[in-house]
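Q: I would like to learn how to read a helix and its packing from a model. Can we take one case step by step?

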Amino acid sequence: MNNGNKIILASKSPRRKEILENAGYDIEIRIQNADETLPLGISPEKAVQMLAEIKASAVERHSSEIVIGADTVVSVDGEILGKPKDENDAFFMLRKLSGREHEVFTGVCIITDKSKTVFSERSAVRFRALSDEEILLYIKSGEPMDKAGAYAVQGLAGEFARVESGSFYNVMGFPIEAFNKKFLEILKIY
């Protein structure tokens, strides 16, 4: 599905790599450190688009290569929740999400030698009410520590988190359905 072009994923997320490979894409991981500082007051949708573009643009690319950048955030009450800094931060995030619905946004940037496409997807997720003991037990599993919003819907959090609307894969970190549509449009240019 690569159309002869090498696809570079500007992300170290094993979930994104797995989603793309399961969809039939042959990818190479190539990351470059970039300044991911967000302007104050930016919306979650604009934030993920900006971060995806920053990540994709930072990677050195040869003319025949297609670079994909992506970023995911969780948003509750307009507050952006990224990856937890430590276990206390994870506890705070999970307590905030407990018993509530929130939004998950993933931004994607696709750069070729002929175009740059940036888009985002939104999904709604509902948590059942969690006790402090359940949150601490989940944190002890280690799963929350490298995930936006401190949970992985495809993992142990599947016991208390349910995707209400939008793409399940978007909540995992990559909206493969929307990506496939955009990617096919881009390939028509070639």
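Q: Is the crossing of α3 and α4 left-handed or right-handed?
A: This is a predicted model. In it, the crossing of α3 and α4 is right-handed.

Q: Which residues of α3 and α4 make the contact?
A: From α3 come Glu87, Ala90, Phe91, Leu94 and Arg95, and from α4 come Asp132, Ile135, Leu136, Tyr138 and Ile139. Sorted by class, this contact of α3 with α4 has 7 nonpolar residues, 3 charged ones and no polar ones.

Q: At what angle do α3 and α4 pack, and how far apart are their axes?
A: The angle is about 135°, and the axes of α3 and α4 are 10 Å apart. That angle makes α3 oblique to α4, because angles over 145 degrees would be needed to count as roughly antiparallel.

Q: Which residues of α4 are buried?
A: A residue counts as buried when its relative accessible area is under 20%. In α4, which spans residues 132–140, the buried residues are Ile135, Tyr138 and Ile139. They lie on the same side of α4, because the arc they cover around the axis is only 100°.

Q: What covers the buried residues of α4?
A: The cover includes α3, residues 87–97.

Q: Which exposed residues are on the face of α4 turned away from its buried side?
A: That face carries Glu133, Leu137 and Lys140.

Conventions
Residues numbered from 1 in each chain as written. Predicted model: local features only at pLDDT ≥ 70, side-chain atom pairs only at ≥ 80, totals over all residues. Heavy atoms only, no water. Buried < 20%, exposed > 50% of the residue type's maximum accessible area, 1.4 Å probe, protein only. Helix = DSSP H or I, 4+ residues; strand = E, 2+ residues; numbered from the N terminus. Arc of directions from axis to C-beta. Contact = heavy atoms within 4.5 Å. Axes fitted to C-alpha atoms, helices over the stretch in contact; angles between N-to-C directions. Parallel < 35°, antiparallel > 145°, perpendicular 65-115°, else oblique. Left-handed = near helix turned anticlockwise from the far one by under 90°. Nonpolar A, V, L, I, M, F, W, Y, C, P; charged D, E, K, R; others polar.
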